[in-house]
Amino acid sequence: ELTYGSTLMRLDFVWLRDHCRSASCYNAKTKQRSLDTASVDLAIRPQAVRVDESTLFLTWPDGHVTRYGLEWLVRNSYEGQKQRVMHPRILWNAEIYRQAQVPSVDCRSFLETDEGLKEFLQNFLLYGIAFVENVTPTKEDTEILAERISIIRETIYGRMWYFTSDFSRGDTAYTKLALDRHTDTTYFQEPCGIQVFHCLKHEGTGGRTLLVDGFHAAEQVLRRAPEHFELLAKVPLKHEYVESVGGCHNHMIGVGPVLNVYPWNNELYLIRYNNYDRAVINTVPHDVVRRWYHAHRALTAELRRPDNELWVKLKPGKALFVDNWRVLHGREAFTGYRQLCGCYLTRDDVLNTARLLGLQA
């Protein structure tokens, strides 16, 4: 046991030997471990331990000395991680988001300057949505925009998807009907991380886009009924997409709980919510099913609260990026001719771009 500041750390000797940052155990240039973890004696104990104001020194039976800065240990111990937030966010409802007056980023600034890109990514990381203005309304220009921050993730829908309300795929999205709030690709084992929308043309009425911060809704459930939150985070469900239209034949199945959390600090990192694509519930035992429905109803009630609904009219030239692991989207019914294009982005690459610009992601 070791106390530094207000944190009491419990550190196993095997862990302390394994994480040694000496030159023979860790390559500081590549940031990679050199020590073979399997070679460490699981019953290892140091011959000597010494602590001064800033450093822990351990001398091992073979004479090897390990040094740890106490601040490093606090940051990297289990107790320290429990106190840290992996992804800082601002949870929002419609009023909070409007009052924040989050600016859109100009397309040229986004494409040509690190400052514009960093501002965009900071907005996206904090709120889960971000806009780029003055984009040339073509699929090709939207693709250039997307590639500025990530590799485009090719799926069964192709690389860049482009559709009108012609029901060309067996999916409600390809109609003029309203779509309730949902996250996409819940039927993938790893749902797509970021979605890009760009309305290229709309000659008609309606069609506003609905955005809801799923993490804000889940936080309300956690505050009011923690047992519901816990159940939604533990019970795995199947989501599926079955398609047999024209030459497209697909049967996708993804498994996971509605709420996905980091177990050490209970921080939510992914919401998988799509009532259209949820498969038969056959992974939940009988004595849990009814409680799960109560929990699901509590979350759905929060997601459908009118004050949580942010309605946005997408217009040619204004591209929307949505964190599909956090923000649910939908739309109202519309009339007339409407063209929409977009794509999915590889989440790791977006976060990598943000980190390279100095952001916590």
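This is a predicted model: local features need pLDDT of at least 70, side-chain atom pairs count only at pLDDT 80 or more; totals for chains, interfaces and linings use all residues.
Q: Is His-202 buried or exposed?
A: His-202 sits in strand β13, residues 194-203. Buried means under 20% relative accessible area. The relative accessibility of His-202 is 19%, so the residue counts as buried.

Q: Which side chain makes a polar contact with the side chain of His-202?
A: Contacts of His-202 beyond four places in sequence are Lys-313, Phe-334, Thr-335, Tyr-337 and Arg-338. The side-chain to side-chain polar contact spans 3.3 Å, and the partner is Lys-313.

Q: Which residue in β18 is the bridge partner of Leu-259?
A: Leu-259 belongs to strand β17, residues 259-262. This strand pairs with β18, residues 267-271, in the antiparallel sense over four bridges. Within β18, the bridge partner of Leu-259 is Ile-271.

Q: Which residue in the turn between β17 and β18 has a positive phi?
A: The two strands form a hairpin, with four residues between them. In that turn, a phi of about 65 degrees belongs to Asn-266.

Q: Which residues point the other way from Leu-259 and Val-261 in β17?
A: Every one of the four residues 259-262 is buried. Leu-259 and Val-261 share one direction. Pointing the other way are Asn-260 and Tyr-262.

Q: What is the relative accessibility of Val-65?
A: Val-65 lies in strand β7, residues 65-69. Beyond four places in sequence, Val-65 touches Cys-20, Leu-58 and Thr-59. Val-65 counts as partly exposed because its relative accessibility is 29%.

Definitions and conventions: Residues are numbered from 1 along each chain as its sequence is written. Side-chain values use heavy atoms; hydrogens and water are left out. Buried means under 20% relative accessible area, exposed over 50%, partly exposed in between (1.4 Å probe, protein chains only). A polar contact is a pair of N or O atoms within 3.5 Å; within protein, one must be able to donate a hydrogen and the other to accept it, and residues adjacent in sequence count only if both atoms are side-chain atoms. Contact means heavy atoms within 4.5 Å. Two strands pair if DSSP finds at least two bridges between them.
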